[in-house]
Amino acid sequence: MRNLLRTDFLRLLKSRSFYVALVGATAIVYACIFFGSSGSPEAKGVSICNVICSMSVLMTPLFVSGAYMLFVSAEFSGGAIRNKMIVGHRRANVYLSWNLIGLAFGMIVTTASIGTAAIFIALFGDTSGLIADHVIAATVIVICMLISKLCMSILISVIIPGAKGMLFNYLFTYALLMFFVIMYDFAPDSKIVDVLSRCFPEGQVTSLNVTFMPDRPWLTVLCALAFSALCAVLGVYVFKRKDLS
Amino acid sequence: MDYVLTTEGLRKTYRNFNALNGLSMHVPKGAIYGFVGRNGAGKTTLIRLACGLQFPTDGELALYGASYRDGAIHEARKRIGAVVETPSIFPAMTAEDNLRHQYRVLGLPNYDGIKELLELVGLADTGRKKAEQFSLGMRQRLGIAIALCGHPDFMILDEPINGLDPQGIVDVRELILKLNRERGITILISSHILDELSRIATHYGFIDSGRIVREMSADELQGACRKCVSVRVTDVQALVRELERRGTDYSVTGADSVDIYAQPNITELALALWKDKCEILTCKEQDENLEGFFLSLVGGESHA
């Protein structure tokens with residue numbers, strides 16, 4: 001397992017998709033800062049953070065998961081995945097290594113984008129309207145949504161490797177966005193929709209902000225992490241039975 | 001005899017298609033095992049199962065005595081290297097980076113030996129050139145170099161000379177012989193190019209419709225493919241006595257048939273046998289090469 005983690009991490013550091021995701025996700029957050037600077041001076045910090053929240057909870061996971069799907073798919077498209085199996089690595093370990101490196105990837109990108117943006121706002125912005133509890137809760141939820149999206153995209157990569165998988169991921173994201181928009185209108189009190197919206201980043205886009213404390217943030221964290229674990233278990237199950245060519 | 005890979009009654013089914021149909025094979029330690037069969041006979045399927053890329057539907061497969069159902073198979077797999085169909089490489093990496101990656105996969109403590117491996121397969125001067133810019137032959141050789149990382153005892157090569165130019169074929173052939181003779185590596189090699197296989201293989205397995213139709217050593221095959229006159233007689237003992245008297249090389253192939261490895265004067269032989277009241281029933285010349293032998297085993301038109 002340690003060999004796999006080391007191998008995957010070093011390959012990640014050398015992959016183009018890693019740097020594209022890093023720069024892209026950071027650019028999105030800084031675009032939010034510069035384009036979201038209008039409004040009353042008192043509301044500046046809050047409004048910028050709200051824009052960052054909305055963008056980070058959807059765009060960052062989408063961007064990071066897309067890049068990571070490319071990273072995982074490269075093993076399938078070049079056939080290099082076979083080398084891991086031939087020399088006796090267990091499939092569960094290979095899959096878990098992808099998940100753990102994916103989480104590390106997500107954390108690095110989050111630190112680079114949201115982390116540096118937070119420092120930038122703290123140093124140069126107006127933070128008077130910001131409440132620490134709200135910001136921390138929103139940040140934790142953004143990270144959980146990133147984990148959830150990554151775990152799901154790795155599962156998709158194993159089931160549908162390559163460009164088809166990425167296309168499916170984007171179409172699925174769009175479908176989920178539409179689903180939540182419609183369901184919030186037609187079934188605003190549905191418990192099922194509520195739980196689902198706490199599992200997927202697409203369900204948090206309209207509700208996550210730093211103006212108010214998110215509704216039961218612990219439940220959102222629990223739902224997102226449980227969904228991530230489910231994706232990981234399902235992924236191991238699928239990958240252990242997958243015929244590789 | 002020690003066997004590196006054994007299978008018994010191995011089956012692999014894809015939906016309604018039986019790719020392997022009760023296949024039993026035995027790859028002896030130290031051998032170059034030529035795996036011969038038509039397209040779609042099940043060669044690559046067997047190789048995928050042996051490499052752990054797919055799982056058998058039924059039957060038994062063991063590597064170094066460890067069944068694929070046991071956890072010990074993972075340890076046994078550490079002793080093998082393989083090139084399955086196309087070389088398993090990262091196209092965006094250089095040859096050296098691909099080998100470094102495989103060293104890390106194997107958990108080797110350092111990168112010693114990468115230069116030697118690149119020299120061994122003739123890729124030492126590729127520098128910063130990425131694998132995606134390599135020719136098919138270079139990729140094939142890089143695949144072999146990756147398979148050689150970690151000094152495996154057993155190498156599985158699926159059609160390793162496909163797409164190679166004549167010089168490339170000679171290079172790979174010499175490399176396989178070198179690995180077998182100098183490093184004692186057991187090699188399972190599948191190929192359609194039977195003439196090429198016959199130059200290196202020490203053992204053969206002939207596969208047709210997902211099952212092994214015959215396993216034999218190169219000596220046995222040579223015997224089977226030897227030019228001879230096949231004679232059917234009414235009294236084999238009389239014929240044997242006459243051939244012994246003449247000092248002619250022969251082998252008894254049935255209750256009434258003998259293969260004579262010479263060009264006897266049939267009239268003289270018939271007259272000599274008639275003294276013992278032995279009649280010659282049929283007499284035909286046989287001259288089989290590996291291709292002919294393969295076709296006689298599997299029947300039908302050549303696809304090999």
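The paragraphs below lead through a predicted model, beginning with chain A and ending with the strands of chain B. Residues are numbered from 1 along each chain as its sequence is written, while chains are lettered from A and ligands numbered from 1 in the order in which they are written. Because the model is predicted, local features need pLDDT of at least 70 and side-chain atom pairs count only at pLDDT 80 or more, whereas totals for chains, interfaces and linings use all residues.

Chain A has nine helices and zero strands, where helices (H or I, at least four residues) and strands (E, at least two) are DSSP runs numbered from the N terminus. The radius of gyration of chain A, taken over C-alpha atoms, is 19 Å, close to the 18 Å that the globule rule (2.2 Å times the number of residues to the power 0.38) gives for 245 residues, so chain A is as compact as a globular protein of that length. Along its principal axes, the C-alpha trace of chain A spans about 60 × 40 × 25 Å. Of the 245 residues in chain A, 45% are buried, a residue being buried if 20 or more other C-beta atoms, placed from the backbone, lie within 10 Å of its own.

Which residues touch the most other members of the largest nonpolar core? In this core of 141 residues, they are A:V64 and B:I187; a nonpolar core is a set of buried Ala, Val, Leu, Ile, Met, Phe, Trp, Tyr and Cys residues joined through C-beta atoms within 7 Å. Helix α3 (residues 44-77) of chain A supplies the largest share of this core, 17 residues. Leaving aside neighbours within four places in sequence, B:I187 is in contact (C-beta atoms, placed from the backbone, within 7 Å) with several residues, among them B:I32, B:M155 and B:L179. A second, separate core has eight residues, including B:V231, B:V233, B:L243 and B:Y250.

Chain B is divided into domain 1 (3-222) and domain 2 (226-287), with bounds that come from an automatic or database domain assignment. The C-alpha centres of these two domains of chain B lie 44 Å apart.

Strand β11 (residues 228-233) of chain B pairs with strand β14 (residues 280-286) of chain B in the antiparallel sense over six bridges, where pairing requires that DSSP finds at least two bridges between two strands. Within this pairing, B:V229 stands opposite B:E285 in β14(B). Four bridges also join β11(B) to strand β13 (residues 257-260) of chain B, and these strands run antiparallel; here B:S230 has B:D259 in β13(B) as its bridge partner.

Definitions and conventions:
A residue is buried if 20 or more other C-beta atoms lie within 10 Å of its own, exposed if 12 or fewer, and partly exposed in between; C-beta atoms are placed from the backbone. Two residues are in contact if their C-beta atoms, placed from the backbone, lie within 7 Å.
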